[in-house]
Every structure is written in C-alpha cells, then in structure tokens.
Amino acid sequence: MIPALLAFSLLAQTPTVPTGEPEVIGQITIRDETVTESSGLAASRRYKNVFYTHNDSGDTARFFRFDNTGIVTAVFRLEGVQAVDWEDMELQRVDGTDYIYLADTGDNARQRNQVFVHRIPEPGIDEGNSLLKPETFTLTYPDRKNDCECLLVDPATGAIWLVTKARDQKTSVYVCREPKAGRVQTLELVKDDMKVNTGMLGGTLVTAGDVSQDGKSVVLKTYAGGYIFSAKGRFDSWVNSVPIPVQFPLEKQGEGVCFTPDGSVLMTCSEGSPCPVSAIRTPKH
C-alpha cells in the first residue's frame, strides 16, 4: 500500500525512468476470481509458458500456476504455514533443483520480530492442486524492523537477499548467505542507503525484484518504474553497480516482476482483478 504522505526529491545518484508508455510485446490477463491482489511473479525455466503468482496479505498460504492464456491451472497450498503478508516470490535453480521461494516479509507497521521465506521444489507440470511441505527460513533484522516487498535469490549460492520498502527514502539491503531451515538467523546488513528514485508517485518504494537465471542481472521494481543492476563477477557487486532505468507499463499497483528464463524479457504484474501481466524487452547493460 502506498503511504498517504510521500517526500519526493530526485536523487542525482540514480537515473530517472523516462515518462510515457513502453513498448509492450505481450500481455496476459488472469481473470480467475481467486487472483485479486497479485504481489509476486515467477516464470518457470523447466516448462514453457508456465508462470506463478500469489496474493498479497489477507489470503491463505497458497500460490497459483497459470499459463500464457491467463488460465489458472493449479493452486498449491503450503502445509503448516500461515500467510501473514506475502509480498514477493522467486524461482531459481539452486544446487540443481528448481525452487520456488515465497517471501512472507511484509510489515507495513514495522512491528514483526521475525519474517519468513518459504521454499519448495517447483511442482511437476502434471501435478494439480496440491498440499506442499516447505522448508522455512526464519529471519530477523540486525538493527530495526523493516517493511520488505522484494526477495532476491543468488542462484550460485542460494543466498537470500531482502530489499526494504523505503523508510524516509532510505532503502536498505540485507542478506542471509547460508539459509538454514529450522533455526532463527540474523540477516547481514549489506547497504543502508541505496538510492532508489524512479520518479513520480511511489518511485522511491521498492515493491518487487528478481535475479536473472544466469545470476548476472538484478531488477528492482517501484510503483513508477524500475532499475536493472549488473551482477557480473561476484554477485554482491550488484549493490554498488550503476543501474539502468526500466520503463514499465502504467499499472494500478504494480507489485510483481520477473525475468523470463533467457533474460531477454521482463514480465510485470499489478494488483487488481482481472490481473494484467505485461511483457517488455529487457534493456541492455
């Protein structure tokens, strides 16, 4: 949700996203009445034209598989899990397994002592509605409570990265380098002053993110645009790379983004029903 009052100042350290509408090269409309507040998006690398999404807070612990016609083909529920405020998802191949990660990290009031990232192997294409048992990574911040709507996963190491939704235009980046299920782990603060401002209303608020499947690019999305950071070499380098701006379609409340498997296309979605999912070409570094 966009706060009622926002302070705006164009930060010279980051490029401004151009105004106007980008070229949309494809669009899917999810018309299923169960998908009302899409807040995460992922594309399968194993199966062609297979995608995933989940709702924002207020839904049960479930996510949806849909195809390139917008039809929901399966609903997957997580066993033994409560959905406090799911805000992002990621699909990455780690140690040879394609995992779906779900980030229960939203905290508008900034009062949660712990946040959670759930992980399950991607279900088979022939698997229908199912109850899945996840691994759960329990995380806590080292300094303060944060609202977070952006999950990133390093495919080379499985490290979990969280990028916060700005407090007083201050975006922070945290990492759990060796996630272990069944214990509480304290995140490491990597950067406390990342400059994010894509311009316009909501341009300082990071609402989603994704890592390309080759691990060389990171996209961060705001309500008004986005940035692509280079992660060539050591993955940590993305945090200090100079980003290039991304112009996304105008959306009601855009809170989902992902790369397609080959990294050539970015897909983005917005809350609301019907749910629009748009595709644009990925800008080159």
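This tour goes from the whole chain to single residues, naming at each stop what to select and what is found there.

**Before starting**

The model is predicted, so local features are taken only at pLDDT of at least 70 and side-chain atom pairs only at pLDDT 80 or more, while totals for chains, interfaces and linings use all residues. Residue numbers start from 1 along each chain as its sequence is written, and side-chain values use heavy atoms, with hydrogens and water left out.

**The whole chain**

Display the protein chain as a cartoon. Its secondary structure consists of 22 strands and zero helices. Here helices (H or I, at least four residues) and strands (E, at least two) are DSSP runs, numbered from the N terminus. The radius of gyration is 17 Å, close to the 19 Å that the globule rule gives for 285 residues, so the chain is as compact as a globular protein of that length. That radius is taken over C-alpha atoms, and the globule rule is 2.2 Å times the number of residues to the power 0.38. Along its principal axes, the C-alpha trace spans about 50 × 45 × 40 Å.

Next, show the surface. The chain exposes about 11900 Å², of which carbon and sulfur atoms supply 49%; these areas come from the Shrake-Rupley method with a 1.4 Å probe, and for residues only the protein chains shown count as cover. Of the 285 residues, 59% are buried. Buried means under 20% relative accessible area, exposed over 50%, and partly exposed in between (1.4 Å probe, protein chains only). Among contacts with a separation of 6 or more, 55% are between residues 24 or more positions apart, contact being heavy atoms within 4.5 Å.

**Stop 1: Phe-76**

Select strand S5 (residues 72-78), where Phe-76 is placed. Phe-76 has 0% relative accessibility and counts as buried. Beyond its neighbours within four places in sequence, Phe-76 is in contact with residues including Tyr-52, Phe-63, Pro-123 and Leu-132.

**Stop 2: Leu-220**

Move to strand S17 (residues 217-222), which holds Leu-220. Leu-220 is buried, with a relative accessible area of 2%. Leaving aside neighbours within four places in sequence, its contacts include Cys-150, Met-194, Tyr-227, Phe-229 and Trp-238. Thr-105 is 115 residues from Leu-220 along the chain, and their C-alpha atoms are separated by 16 Å.

**Stop 3: the cysteines**

From Leu-220, step to its contact Cys-150. Cys-150 is buried at 0% relative accessibility. Now select Cys-269, which is in no disulfide; the nearest cysteine sulfur, that of Cys-275, is 5.1 Å away. Cys-269 is also buried, with a relative accessible area of 0%. The structure as a whole holds zero disulfides, a disulfide being a pair of cysteine sulfur atoms within 2.5 Å.

**Stop 4: Pro-274**

Select the loop between strand S21 (265-270) and strand S22 (275-281), where Pro-274 lies. A cis peptide bond joins Ser-273 and Pro-274, with omega about 0 degrees.

**Stop 5: two residues with positive phi**

Asp-95 is in the loop between strand S6 (86-94) and strand S7 (97-104). Although not a glycine, Asp-95 has a positive phi of about 50 degrees. Its relative accessible area is 74%, and Asp-95 is exposed.

Then select Met-200, in the loop between strand S15 (188-194) and strand S16 (206-211). Met-200 is not a glycine either, and its phi is positive at about 65 degrees. At 45% relative accessibility, Met-200 is partly exposed.

**Stop 6: two further loops**

Asp-143 lies in the loop between strand S10 (135-140) and strand S11 (148-153). With a relative accessible area of 38%, Asp-143 is partly exposed. Apart from neighbours within four places in sequence, Asp-143 is in contact with Tyr-174 and Leu-189. Its C-alpha is 9.4 Å from that of Leu-187, 44 residues away in sequence.

Finish at Gly-182, in the loop between strand S13 (171-176) and strand S14 (184-186). Gly-182 is exposed at 80% relative accessibility. The C-alpha atoms of Gly-182 and Glu-135 are separated by 8.1 Å, although the two residues are 47 apart along the chain.
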